[in-house]
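User: I am new to this structure and would like to know what stands behind the terms used for it. Please set each value against its definition.

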There are 2 protein chains.
Amino acid sequence: MIPLQGGKTVPYYEQIYLYIREEIRTGKIRRGEKMPSTRQLAAKLGISRSTTQLAYDQLTAEGYLEARPCRGYYAADIDLPFSMEKAQEAPSGAEGRSAGEAFLREESEKDNIRNNHPEKAEKEKILIDFSPRGIDLSRFPFNTWRKLSREILQDENKSLFVSGSPRGEENLRQAICDYLQASRGIPCRPEQLVVGAGSEYLLMLLWQILGNRQVAMEDPTYRQASRVMQGLGHTVIPVAMDRYGMRADLLEESGAEMAYIMPSHQFPTGAVMSVARRAEILAWADKKEDRYIIEDDYDSEFRYRGRPIPALCGSDRLGRVIYLGTFSKAVAPAIRVSYMVLPERLSKRYDEVCGFYASTVSRVDQAVLARFMEEGYFERHLNRMRGIYRAKHDCLLASLESLRGDFHISGEMAGLHVLLKSKQNSEETLRHLAAEKGVRVYGLSSYFLKPEQSQTVILGYANLTEEEICRGVELLKEAWCR
Amino acid sequence: MIPLQGGKTVPYYEQIYLYIREEIRTGKIRRGEKMPSTRQLAAKLGISRSTTQLAYDQLTAEGYLEARPCRGYYAADIDLPFSMEKAQEAPSGAEGRSAGEAFLREESEKDNIRNNHPEKAEKEKILIDFSPRGIDLSRFPFNTWRKLSREILQDENKSLFVSGSPRGEENLRQAICDYLQASRGIPCRPEQLVVGAGSEYLLMLLWQILGNRQVAMEDPTYRQASRVMQGLGHTVIPVAMDRYGMRADLLEESGAEMAYIMPSHQFPTGAVMSVARRAEILAWADKKEDRYIIEDDYDSEFRYRGRPIPALCGSDRLGRVIYLGTFSKAVAPAIRVSYMVLPERLSKRYDEVCGFYASTVSRVDQAVLARFMEEGYFERHLNRMRGIYRAKHDCLLASLESLRGDFHISGEMAGLHVLLKSKQNSEETLRHLAAEKGVRVYGLSSYFLKPEQSQTVILGYANLTEEEICRGVELLKEAWCR
C-alpha cells in the first residue's frame, strides 16, 4: 500500500496523489484499472476520507483518474507517461459531455457586447453584478505598493528614467522565472522572457515573429484574444472541446498551424485539460515543423482544492509552447504587466525581428513589481487572495445548492466564476429575469466563436462580498424559481 | 511701417514676425519681394538689430522668408495663404542643397547598428559620447514626481487598479489637448486622442486601422520608425528631401498612400519643413481619398530661438494628418507614454477596429503625468530644460566655431544634436579618428534608407555637461585637425 510519511513536510493527500500518479505513469496501475473507493483507501491508510477524496479529485482534475458516476474511480486510458515522447489512444472524449454542445448560444455578437458591456441606462437598475471580469481589489496591499513605490523612487532616481532593457528589467524577469519554476513547474531562463504592457501587446509581437497563421482556438473562448488574433490577420479556426479540453482529432483536421489554449483552467468553461489530452496536443505540435501552441495561463493562481494544475509549458520538451502569463488577475488589471516565455528558437527569432522594440512598461512599475515579488509580498498576496476567493467561492456554491434541481453547475474548484446551465430556460430568459430583480448575469453565448444556442449563464464573484453573493443568489432564485 | 506696441504682452520680435507673416499671407508683401535688411528695419523701428534678426530667423525657419547669401532676405515664393485650400508653385527646392545628397553613406547596416550600439570593448575607451539619443535627466524633477506619485497612491487607491479607459484616462487626454492647443496650435478634443505605451505601439494600432500601405518616409529618417513600419508589413518608400523637407514632387511620383514626416524638426537632418512645402504635402494628401500623413512631432519642445514651429496638424482642415507625440524627450524615455491625435473619421474607425484594446499605460503612471501637466510642472520643466539645452547648444556651437573652415554645420537652432559635414573626410574616417581620442560621434549613414556615402557625423549633446562638450570638441579638433 501507499507508504505515508508523517512529519508534515508533504501533506497526506499530496503523498497519495504523487504515489498514485507515479504508479499510473509507470504502468504499475494499468489503464482502465478500477481504483479502490476513497472510503476503502481511507480506511486502509487509517486517514480521513476527505484526504483521500482530495487526492482523487486532484488526479481526476489532471486526467490521471476518471470518475464514473455510480461506479467509482478508474485509472485513465493514458498510454504514455507524462514526460511523453508521443501520445496515442488517449481518452477519445467522445464519451465525455461536449462542452461545445453543452454551452449553447443564441444571440448576435452585437447583443453579446451589450450584454457584457452594459449600457448606462440598464446598469443603473443593477444592484448586484456577477461580472466574470472583476477582481477583488479591496484587499490589494496598497500600503505595501505605496511603500515600495516610495522606496524605488527614493533609491534609484535617475537610472529609472533612462531607457531600460527592451525585454523588461533583468531583475523582474528573474523574479518571474523563479515564480514560474516554483509555482508552475516551468523551467525557464530570464533570456526567454519578454515583459510587455498587456497580453494583447505580446500577441502583436508574437504575430511579428510568426506571421499570419491559421490559429485553432477553443470554442467557447476568451473573445478578447480571438479579436486580437483576427485583428492582426491570423485566421481563427474554432475547435470544439470535450470535457478534457480542445479535441486533438478536430485540431488535426482543422489544418491549423497554431493552437491557442488555456489548459490549466479554460475560459469560460473552467475545463482542465487532462494529462492525456496534453500529450495529444503536444504530439500534434511535434508532427510538423513550425507548429506552435500558445498557452494562456491567465488565472492559474486561483485553485481552491488540491495542488495547482501544472502548466503545459513545463511538459514541453520540444520547444513548441509559448507561455503567456499576466499580473492582471493576480495583482491588478491596471498595472498592465504581462509576460511571455519563448522557446529557444523563437527567442532568437524575436531578437532578430523585434529586438529593436523598447519595453512598453515603465521602469518604475517594473522595479516596484520586481521588489513586490522578490520580497515575498506577491506570494503572501496570492495566498491571501486564494483564501478570500475560496471563501467567496464556497459561499456561492453553498447558496446555489438548492438550484441544483434545475441547473447543472460547472467550472467550480478554480478561477473566479462558475457556470450555471439551466435545464429548461434559454440564456436570454435567464438574463432578463435576473435583470428584472436587479441582478446581472452573463450569457455564455458571447464567448462562442461559432454561433451557438445557450442555456448557460456565468456568475463571476471576485468583486462581490459574501453578503452580496448570498443576496444575489436569493434574488436569482426569486427570479428563476417562481 | 510695423506698428509696435510696448507693454510687453507680446515681445517685439514676435510682433514683427506676426506682422510680416500676415503681410506675406495676404499678398501685401509680394512673392519674391526683397525685404529691408535687419539693420535697416531695426533702425527704422528704433529697436535693436538682434530683435529684427530673431523675427527674420523665425520667418525663414518657417519658410516665409528666404535668406540669399550676400543679397539679403526675400519673401518666399508662396502662392497661397497658410490656411490653404490648394498649393501650387511652391519653391522648387531644386536650388536648395539636397539633404539626400549632402548626407552620404558608406557602411553596411550591420556596421551602422554597431556604430549606434557600440560593443562593450569599444565603449570602455570612450570618454565622451555625443549620443544623439540621450536626454539630460540630471534636472528631472524627481522630488515633484515622487511627491505626485505619493499623493496619487494616497488619494485614489483602489480605483487606480481597476481597468481604466481604453484610450487613456480622460484627465490625461484633456491635459494633453490643452497642451497641444496652447503650444502646438492643434485644435483637438480628448475623444480624438489615444494614449499608449510608446510610439511603436501606437504605430501597431494605426496599422490595424489603416492596413498595409505604401509609406513614404524622409531619407534619412528615424530608423526605428522605418523598422517598425516594415515589421508590420508596410512597404517603406524612401523619398529624398531638400532643405524644405520631403520633396512633394517625388512623393507624388513614389505612389505612396501615406507619408511619415517630421515637419517641425526632421530627424536626423534638423530640417524644418517650409510653409510652402507643408501646403504641397497637404495638397498631396487631398488629391486622393484615403491618403494620410503621419506627423511625428518627437522633439518640437526644444527650439532655442524664436517661437516654436507650428505643427502641420494645426493646418490640417481635411482630416488627413495623424499627429504622433511623445513624452520620451520632454519628460523621460522610461515613462513610456506617447499619444496620437486621430482625425475624426479615423477616430471612428479606431473605435470599430481597436476599441477593445485596453490601455497599455498603467493608471498610476497616467494619473501622475496628468497631475504633472495640470499643476503646471510640465510647462515649468520644459522651460527649464529649454534653457539648459540652449546653454549646451550654445556652448557646443561656440566650441565648434573654429571648425567652420573644414566643416559645414547644420541642424542647429533646435533639437538635441547638430550635424557636422566634413569637406574632405568620410564619416568613417571621422568616427575612427574621434574614437582614437576617446570620443564617440555618430555617422549619418546609419539613418539612410537607401545606402548613401556620408561625410557627416552627428553630435548629440543633451546628456553631456558643458565641460564635457568643450572637452569633447577639443579632442575632436586634435583628432581631425592634425
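Analyst: Across the interface of chain B and chain A, the rule finds zero salt bridges. This is a predicted model, in which local features need pLDDT of at least 70 and side-chain atom pairs count only at pLDDT 80 or more, while totals for chains, interfaces and linings use all residues. Residues are numbered from 1 along each chain as its sequence is written, chains are lettered from A and ligands numbered from 1 in the order in which they are written, and side-chain values use heavy atoms, with hydrogens and water left out.

User: What makes two residues of chain B and chain A count as in contact, and how many are in contact?

Analyst: Contact means heavy atoms within 4.5 Å. By that rule, 42 residues of chain B are in contact with 42 residues of chain A. The two chains bury about 3,800 Å² between them, 66% of it on carbon and sulfur atoms; buried area is the accessible area (1.4 Å probe) that two parts lose on being put together, summed over both. On the side of chain B, the most area is lost by Arg146(B), Phe161(B) and Phe356(B), together 18% of what that side buries.

User: Which polar contacts and which helices belong to this interface?

Analyst: The rule finds 14 residue pairs in polar contact, both residues at pLDDT 80 or more. A polar contact is a pair of N or O atoms within 3.5 Å; within protein, one must be able to donate a hydrogen and the other to accept it, and residues adjacent in sequence count only if both atoms are side-chain atoms. Helices H7 (142-155), H9 (199-210), H10 (223-232) and H14 (363-374) of chain B each supply at least two residues of the side that touches chain A. Helices (H or I, at least four residues) and strands (E, at least two) are DSSP runs, numbered from the N terminus. H7(B) gives the largest share of that side, seven residues.

User: Why is the pair Asp136(B) and Lys392(B) called a salt bridge?

Analyst: A salt bridge is a side-chain nitrogen of Lys or Arg within 4 Å of a carboxyl oxygen of Asp or Glu. The N to O distance between Lys392(B) and Asp136(B) is 2.8 Å, so the pair meets that definition. Asp136(B) is in the loop between strand E3 (128-129) and H7 of chain B, and Lys392(B) is in helix H15 (residues 377-400), 256 residues apart.

User: How do you know whether Arg167(B) and Asp351(B) are buried or partly exposed?

Analyst: Buried means under 20% relative accessible area, exposed over 50%, and partly exposed in between (1.4 Å probe, protein chains only). Arg167(B) has a relative accessible area of 9% and therefore counts as buried. Asp351(B), at 45%, counts as partly exposed. The side chains of Arg167(B) and Asp351(B) meet in a salt bridge (3.1 Å, N to O).

User: What makes the span of helix H14 of chain A close to the expected one?

Analyst: The expected span is 1.5 Å times one less than the number of residues. H14(A), residues 363-374, has twelve residues and reaches 16 Å from its first C-alpha to its last, close to the 16 Å expected.

User: Why is H14(A) called mostly covered?

Analyst: Eleven of the twelve residues of H14(A) are buried, so the helix is mostly covered by the rule for buried residues. Among them are Arg363(A), Val364(A) and Phe372(A). In chain A, buried residues make up 61% of the 482 residues.
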